[in-house]
Amino acid sequence: MKKILALSFLFAPVAGEAQADSTADSTRVRLPSVTITATRSGPSSTYATPLAVTLIPKAQLEDKRGYSLDEAVFAVPGVLAQSRYGTSDIRLNIRGFGARGAGDRSNAGTSRGIRVLIDGIPETEPDGRTAFDLVDLAAAEEIEVVRSNASALWGNAGGGVVAIRTARPVANPFINATQMAGGYEFLRTAVQAGAPLGPASLALTFTNTSQQGYRAHSDSRRALLNASLTSPLGASTNLGVFLAAANDLFHIPGPLSLEDAMENPKAANSTYAARDERRWNRLGRLGVTVDHELDESSGISTMVFVNPKYLQRSERGTFRDFNRHHFGGNVVYRKAYDFTPGVSGTTVIGADGALQDGAILFYSLSSNNGRGTELRDNKGEGAINTGAFAQQQLKFGDRIGLDLGARWDRIRYDYRSHLDPKLDDMKDFSRVSPRVGLNYRVAPTHSFYLGIGGGVEAPAGNETDPASTFGQDTVTALNPLLEPIYSTTYEVGTKHLVSVGSRLVSALSYEVALYDTRVRNEIVPYRGGRFYFTAGKADRRGVEIGTSVFGPSDAVLTGSLTASRNRYLDYTVDSVHYGKPGRIADYEGNDIAGIPSLFYNASAAAGLGRIPLRIELNVRGMGDYVVDDANTVEVPSYHIFGATVSTRSGVSFGSFSLRAWAAIENLTDRRYIGSAFINPDVVNGVPLAFEPGSGRTLTLAVSLGIKR
């Protein structure tokens with residue numbers, strides 16, 4: 001185990017990819033210009049940006065099952081993505097943000113504290129929750145992951161941003177069909193097509209996925225359509241139209257005791273299975289973007305979207321209907337100019353707005369776990385998020401860059417009970433989030449940076465539900481104990497991509513980031529997420545390390561390592577909620593629940609010379625961590641191995657191309673805990689927190705492409 005940890009320090013991916021051309025006598029390395037867009041200031045080099053950013057290109061998204069986002073981001077330093085049982089439902093944690101989303105309501109189909117965008121359109125709802133129903137790797141062309149505190153630009157994004165781009169220019173008509181099959185009755189069909197329409201580009205992706213699942217009562221199915229039309233409207237204007245729709249059903253096997261999870265990991269929680277706990281989400285999204293260049297140095301971008309949702313679920317012994325409408329938009333203005341020779345600047349000013357509202361109906365469960373006849377709750381749940389931001393970027397020559405920015409956000413909740421209007425309530429949260437970033441560019445692909453950023457998160461809709469006061473107080477539909485989460489992140493880092501040119505190593509890259517995040521009003525779930533409290537103060541600090549080493553014959557060694565220390569600094573809980581009225585639990589100095597202090601990934605890949613095959617071996621794992629505030633419930637450490645064999649770029653014959661790959665996950669069939677509930681329910685003295693990870697799984701895929 002110690003040897004594996006040592007290797008993971010040496011090999012890790014960074015934002016960039018070197019391409020080597022080898023001959024018998026020499027090796028030439030082409031260092032690419034890696035640009036990012038999630039910073040809202042227009043395309044810029046990652047080496048000129050004082051943020052921790054990783055770009056995941058299309059090549060790294062291939063040879064994946066593609067069902068969930070964790071398959072794309074698991075190797076990014078600082079990012080912990082846990083698949084709960086192999087569906088689109090994942091836990092997404094960046095530098096500790098998102099870790100608390102781990103109860104029935106908070107970790108069943110949504111993530112918290114991290115803003116997710118698809119083609120610039122937010123998947124994140126106004127209250128900060130993100131569902132992953134519309135995320136599919138088959139449609140993704142590239143993914144940007146901003147790990148730095150991004151609230152100064154994006155608002156409710158203290159944990160950063162995951163920006164997925166699906167649209168791409170299409171020069172010639174093409175169609176590509178991929179069929180996958182694997183263990184636990186996994187079947188996935190993906191069809192991609194595109195064609196130029198005059199100056200425009202049309203692209204379509206359709207996937208249909210089903211599986212029985214590793215655990216009992218974990219079967220799922222999802223059909224997902226993504227379509228984009230991008231076109232110039234004259235010499236200075238570009239239009240983008242983006243359509244997505246999903247029909248996503250997944251069953252929830254629920255948590256087990258640690259003993260049951262290790263002895264019988266395929267079992268479901270008997271209560272969850274008896275109630276047929278599940279989520280069935282049907283939703284669509286239409287977004288339109290317009291980018292217009294006012295002149296050579298300035299431009300304006302606008303976006304509007306509408307996102308209707310019809311969600312049904314069986315949860316906690318009730319059948320629940322949600323009818324939601326989510327819509328919004330933004331406008332961003334950019335202006336570049338020169339102050340003096342050698343000193344230039346870019347000003348970015350913008351505003352965002354989003355509204356989500358709709359009816360929620362709770363019914364009893366029928367005898368077959370469908371909608372019963374008893375109406376138990378009838379309410380409306382609304383949230384509005386508005387924000388305005390400004391950023392000034394200054395460049396002093398080719399080496400020094402300074403970013404100054406701030407954003408004002410206001411989030412309003414509006415809860416209405418149609419059964420008991422006395423519960424009606426409205427509450428506002430507002431905050432100004434500043435940021436300062438300094439970047440020093442030693443060379444075109446070598447930089448150092450530091451940053452200080454303020455962040456804000458508002459409680460998600462389910463987190464605003466009040467805790468029971470046992471008759472002691474009068475409550476409304478909004479939890480009076482909750483306040484916005486304020487954070488301040490201090491960060492320093494370096495990024496470097498260098499050509500070596502030797503026979504064994506053609507190029508290498510590395511990045512290092514050190515951060516310290518101070519958090520006030522950390523929100524913590526209780527009783528499996530039935531209600532939430534606020535911890536006074538917390539501190540999360542860590543180091544993220546990544547390197548990539550490129551060798552001959554397409555060989556590459558990669559990996560990532562994240563080590564952190566996460567502590568409550570000021571946190572007391574009234575123990576009436578533990579059934580001990582009059583007593584206080586003091587958790588000062590305890591580890592923050594749900595955040596591993598160590599996790600890593602390492603891989604080695606190479607082509608087989610003249611044989612058109614590529615082999616990749618990988619290992620990933622994490623140290624043990626606690627999932628309760630008292631630090632008495634622990635998830636054991638693990639490491640698991642995997643292997644992939646693919647036909648590289650495929651075999652071409654005329655207009656046709658054929659590609660195939662095979663992958664084995666959890667090669668040694670190790671039993672481990674893939675995810676866990678925070679502050680879980682305790683039944684008969686035993687905490688039910690643990691969701692077993694999948695056993696050994698084989699996946700086979702064949703892809704046929706036709707291009708004119």
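**View 1. Strands S15 and S16 of the predicted model pair in the antiparallel sense.** In this predicted model, strand S15 is joined to strand S16, which covers residues 200-211, by 11 bridges, and the two run antiparallel. Within this pairing, alanine 193 has leucine 204 of S16 as its bridge partner. The hairpin of S15 and S16 has two residues between the strands, and in this hairpin glycine 198 takes a positive phi near 65°.

**View 2. Strand S14 is an antiparallel partner of S15.** Nine bridges connect strand S14, residues 174-182, with strand S15, residues 186-197. Threonine 178 is found opposite alanine 190, which belongs to S15. Three residues lie between the strands in the hairpin of S14 and S15, where tyrosine 184 adopts a positive phi near 60°.

**View 3. Glycine 380 is a buried residue of strand S23.** Strand S23 spans residues 371-396 and includes glycine 380. Glycine 380 counts as buried because its relative accessibility is 2%, where the cut-off for a buried residue is under 20%. When its neighbours within four places in sequence are left aside, glycine 380 is in contact with Gly358, Asp414, Tyr415, Arg416 and His418. The C-alpha atom of glycine 380 is separated by 8.8 Å from that of leucine 361, a residue 19 residues apart from glycine 380 along the chain.

**View 4. A nonpolar patch on the surface includes valine 492.** The patch is formed by Phe396, Ile400, Leu438, Tyr440, Val442, Phe448, Leu450, Val492 and Leu514, which together have about 710 Å² of accessible area. Strand S25 (425-443) and strand S26 (446-457) are the elements that give two or more residues to this patch, and S25 supplies the largest share, three residues. Valine 492 is placed in strand S27, residues 485-499. With 40% relative accessibility, valine 492 counts as partly exposed, because that class lies between the cut-offs of 20% and 50%.

View 5. Among the contacts between residues at least 6 apart in sequence, 66% join residues that are at least 24 apart.

Key
Residues are numbered from 1 along each chain as its sequence is written. This is a predicted model: local features need pLDDT of at least 70, side-chain atom pairs count only at pLDDT 80 or more; totals for chains, interfaces and linings use all residues. Side-chain values use heavy atoms; hydrogens and water are left out. Two strands pair if DSSP finds at least two bridges between them. Helices (H or I, at least four residues) and strands (E, at least two) are DSSP runs, numbered from the N terminus. Buried means under 20% relative accessible area, exposed over 50%, partly exposed in between (1.4 Å probe, protein chains only). Contact means heavy atoms within 4.5 Å. Patches are made of residues with over 30% relative accessible area and no salt bridge: like charges are joined within 9 Å, nonpolar side chains (Val, Leu, Ile, Met, Phe, Trp, Tyr) within 5 Å. Accessible areas come from the Shrake-Rupley method with a 1.4 Å probe; for residues, only the protein chains shown count as cover. A salt bridge is a side-chain nitrogen of Lys or Arg within 4 Å of a carboxyl oxygen of Asp or Glu.
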